[in-house]
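Okay everyone, settle in. I'd like to walk you through a few pieces of this one, starting with some strands.

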Amino acid sequence: MTGLALVAGGALLFAAGLAAGHLLARRSVGDTTGLGTPVERATFRTLHTASLAAPPLRAGLTADAARKAVRRLRPLFGTAALALADEDTLLAWEGPGRHHEHTALDRVRQVLATGRGRTFPVDCREPDCPVRRGTVAPLTVDGRVLGALVVLGAGESAAVVRATEEVARWVSVQLELADLDRTRTGLADAEIRALRAQISPHFVYNSLAAIASFVRTDPERARELLLEFADFTRYSFRRHGEFTTLTEELRSIEQFLELVRARFGQRLRVTLQIAPEVLPVAVPFLCLQPLVENAVKHGLEESVERSRVTIAALDEGATVRIVIEDNGVGMEPDRLRRILRGDGGPTAGIGLRNVDERLRQVYGDEHGLVIETGVGAGTKITVRIPKYRA
Amino acid sequence: MNQTYGTAAVLAAVLATLVIGSAGLRISRTTSDFYVASRTVPPYLNAMAVSGEYLSAASFLGIAGLVAAQGVDMLWFPVGYTAGYLVLLAFVAAPLRRSGAYTLPDFAESRLESTAARRVASVLVVGIGWLYLLPQLQGAGLTLGLVTGAPRRLGGVLVAVVVALAVAAGGMRSITFVQAFQYCLKLTALLVPAVFLVVAWHGDPGPGAALEEPPAFRRHTQVTVDSTVRIRLHEPLRAVAAGAVDGKRYDNAALLLDPGVHEVRAGTRLRFPPGAAVPERDGGSGPRTGASSWATPLSGGRDDHPLYTTYGLIFATFLGTMGLPHVLVRFYTNPDGRAARRTTVVVLALVGGFYLLPPLYGVLGRIYAPDLLLTGNTDAAVLVLCERLVGGVAGDLLGALIAAGACAAFLSTASGLTLSVAGVLSQDVLPSLGVRHFRLATLLAIAVPATASVAVSGLPVADAVGLAFAVAASSFCPLLVLGIWWRGLTAPGAIAGLLTGGGSALTAVGLTIAGPPADGWTHTLLAWPAVWSVPLGFLTMVLVSVATRDRVPAGTEAAMARLHLPERPAGATS
């Protein structure tokens with residue numbers, strides 16, 4: 001009996017949800033009283049359509065993006081069909097009259113060659129084909145013609161020609177933005193390369209000097225340290241792959257700490273807490289090592305006391321939480337903010353900022369560095385990395 | 001059962017879980033330990049964790065109960081639960097690890113490049129998770145009820161609260177060690193008492209031939225009927241009753257029932273003399289205790305179409321294992337595809353070894369606890385045997401050990417499932433609400449099945465788990481197998497297959513659990529959907545994919561290469 005009641009209740013709930021959803025949908029489209037004059041409403045509708053078509057185009061001019069974009073854009077024209085082409089193929093065709101593909105493509109090639117839009121008549125033997133005339137407008141990015149927008153309909157009108165040109169210009173702007181996104185990614189790549197090259201000349205110099213001090217007294221230790229140094233630099237200068245595993249990143253940190261210890265001996269205490277299931281997680285290459293370097297630097301180089309650094313990696317379901325903590329001098333929160341914004345001076349905390357930016361770029365803004373610090377209170381840096389990267 | 005020992009054992013199991021869960025990190029203070037601390041989990045440990053999470057209340061309690069009640073056909077349950085890993089090993093384990101996906105929705109998204117496919121997969125994961133959590137909580141209620149005397153529904157809710165707190169408070173910082181420990185506990189909890197039980201059984205005069213005959217009471221036995229039952233008698237029955245039988249009140253009066261169907265009201269106490277045959281439950285949704293067919297396969301003890309139901313069981317369990325959300329998550333801990341495959345092999349051995357034990361308990365339960373057949377409470381067989389057969393303080397202690405094992409069974413599976421469901425809920429279903437959001441998701445993940453476990457009762461634990469397997473087999477098995485082995489899979493095809501296969505199985509399951517009672521083929525088809533819903537899922541996925549051939553994801557070749565090529569060229573070192 002309870003079962004029957006449950007099923008009935010579920011069905012009722014479903015029906016209610018359906019009705020509510022339907023109503024809401026109707027309201028958002030149809031009932032726009034109180035939202036201005038008809039002209040204003042038309043403007044809103046146009047802007048809304050444009051905002052829907054923009055996200056796919058931000059991925060650049062691909063078949064998938066084109067298919068999604070033309071589906072959104074066609075209502076703007078009210079004509080029979082709409083197509084997007086890149087330099088040599090028709091990427092997407094929305095609406096009837098697909099058999100005119102070749103005619104359209106020929107016109108697109110002309111436009112690509114000249115860089116100027118035009119209209120053209122379409123011969124069709126099928127009596128009920130709605131496509132009689134077409135308009136092509138070029139898509140230009142940085143003065144280069146990347147593709148074309150084709151509008152096909154029953155007849156020619158100045159309004160359609162104008163609309164085609166305007167929409168083509170709007171699509172061009174979106175593609176330009178996509179280009180900008182790509183440039184930004186490239187810039188980050190360049191930055192990580194710079195970071196690698198920058199693995200701090202100081203560190204190289206200090207390590208070699210420390211190793212040299214062991215060469216006579218403890219040649220075996222010196223040899224080991226040199227090997228560590230070799231491994232560490234090989235990892236840091238490695239060229240392939242933007243990602244590595246947490247295991248490898250930790251191994252590099254271990255080598256780094258071994259070299260630091262050669263110089264500072266017992267003054268440095270390091271505690272490691274690792275949940276073993278997070279070790280295979282993929283992390284951006286060199287995303288932790290700079291943080292550890294920072295912690296060690298704060299702890300050792302600016303005080304004489306014993307320095308303590310804790311590195312913890314914990315399992316949090318779909319994410320990994322990594323915490324790096326030191327008991328060093330800490331920092332003014334304001335200064336830290338400036339460093340992360342990028343105006344803390346030419347040399348200050350480039351590693352920190354770079355890691356923060358890369359994390360935000362790969363995983364989104366909610367995965368940037370979380371830093372807790374104060375003058376004389378040490379520093380605690382928390383990173384949350386998703387186990388799976390979309 | 002001795003309540004002090006039992007309660008202490010259950011508390012100890014819970015405490016050990018929480019302590020290992022919150023402290024199970026590898027800690028090093030010197031650089032030389034660094035290497036040890038940053039070593040990935042070896043396959044054997046990971047396999048123990050997978051097994052620990054996999055062996056649920058259904059395995060620990062349910063199988064023995066089903067075998068006791070319904071005979072050798074039910075041996076397909078342990079066989080199927082184990083063989084599922086064979087299929088996983090052959091088709092899925094290594095490629096799935098190489099894909100880098102942490103959950104099934106991740107896999108759907110990375111392989112098909114579609115967020116819509118991801119969303120559908122998420123909804124199904126949550127559905128399967130809830131369906132699987134329900135019997136865990138029911139098993140918890142049963143165990144805690146027997147051990148501490150608490151009302152049954154309270155036990156389930158109590159465990160739900162414990163699991164929610166542990167997961168939401170981040171008390172499972174290192175779940176691998178917890179689950180590995182739970183496996184050891186479960187194995188010990190069945191193995192040690194089993195030795196005592198077998199010895200006691202051998203010491204008992206004349207238990208041998210009892211299996212072929214209808215079950216009978218071996219000594220004076222008093223049975224309290226919890227809910228009204230109809231019993232069918234084949235020969236006259238003498239008993240002493242206190243309560244209502246066939247609408248007539250008895251007050252500790254002798255009772256002689258003729259062959260035929262009789263109704264015993266809830267709350268009635270019946271006392272049987274030694275040698276009396278155990279009355280057979282008649283009809284209803286409870287399991288039937290086929291009288292003489294117990295030791296013969298396919299003899300119609302359970303359903304109208306035993307051959308069909310056997311195949312239904314085989315399809316669901318063989319193909320459903322790969323689609324269980326909490327199993328997959330553990331495979332991510334393997335560093336690469338090779339390790340994933342090794343882990344699966346070890347899991348096969350560990351799980352296979354464990355499953356030798358529950359049937360033994362089932363057989364002994366039929367001989368020594370036949371009253372459970374009458375009350376329908378067969379899931380309790382494992383828990384009461386030690387008290388009945390060994391007795392004394394030794395019996396109480398062994399019983400407490402088994403109670404601790406049962407507690408481990410539902411705790412480990414329930415916490416693993418809750419973690420997986422909460423992860424999917426917080427990532428894909430709920431709107432983003434910041435940090436506290438995972439805790440909310442955890443509450444939702446456990447609250448729904450906890451509520452359902454209070455509302456729906458009376459479904460045997462192993463049966464309910466079988467239904468969850470059926471849904472997993474008809475939705476995620478096609479997605480994984482085709483996604484890994486067929487280039488032609490498209491996002492619309494996968495979505496259509498998930499919806500038809502999983503949706504139809506889910507509907508059938510829903511009707512079986514909560515719908516109106518049905519009989520004959522309708523009931524059989526709905527209760528064992530896997531035979532038709534798995535092919536339906538595959539077929540829909542293939543046909544729709546072929547129809548939408550132009551929508552094959554652009555990155556298919558790259559994705560396939562990633563799934564099937566070894567991570568690192570052979571011989572290369574880094």
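So, look at Ile231(B): its bridge partner in β6(B) is His262(B). That bridge belongs to a pairing of strand β3 (residues 229-233) of chain B with strand β6 (residues 260-264) of chain B, antiparallel, over five bridges. Strands pair here if DSSP finds at least two bridges between them. Helices (H or I, at least four residues) and strands (E, at least two) are DSSP runs, numbered from the N terminus.

Quick housekeeping: this is a predicted model, where local features need pLDDT of at least 70 and side-chain atom pairs count only at pLDDT 80 or more, while totals for chains, interfaces and linings use all residues. Residues are numbered from 1 along each chain as its sequence is written, and chains are lettered from A and ligands numbered from 1 in the order they're written.

Back to β3(B): two bridges also join it to strand β8 (residues 280-281) of chain B, again antiparallel. There, Arg232(B) stands opposite Glu280(B).

Now a helix. Is α3(B) mostly covered or uncovered? Mostly covered: ten of its twelve residues are buried, meaning 20 or more other C-beta atoms, placed from the backbone, lie within 10 Å of a residue's own. Among them are Pro43(B), Met48(B) and Tyr54(B). The cover includes α9 (175-203), α11 (325-331), α12 (337-354) and α16 (392-429) of chain B.

Last stop, chain A. An automatic or database domain assignment gives domain 1 (36-187) and domain 2 (202-386). Taken over C-alpha atoms, the centres of those two domains are 50 Å apart.

Methods:
Contact = placed C-beta atoms within 7 Å.
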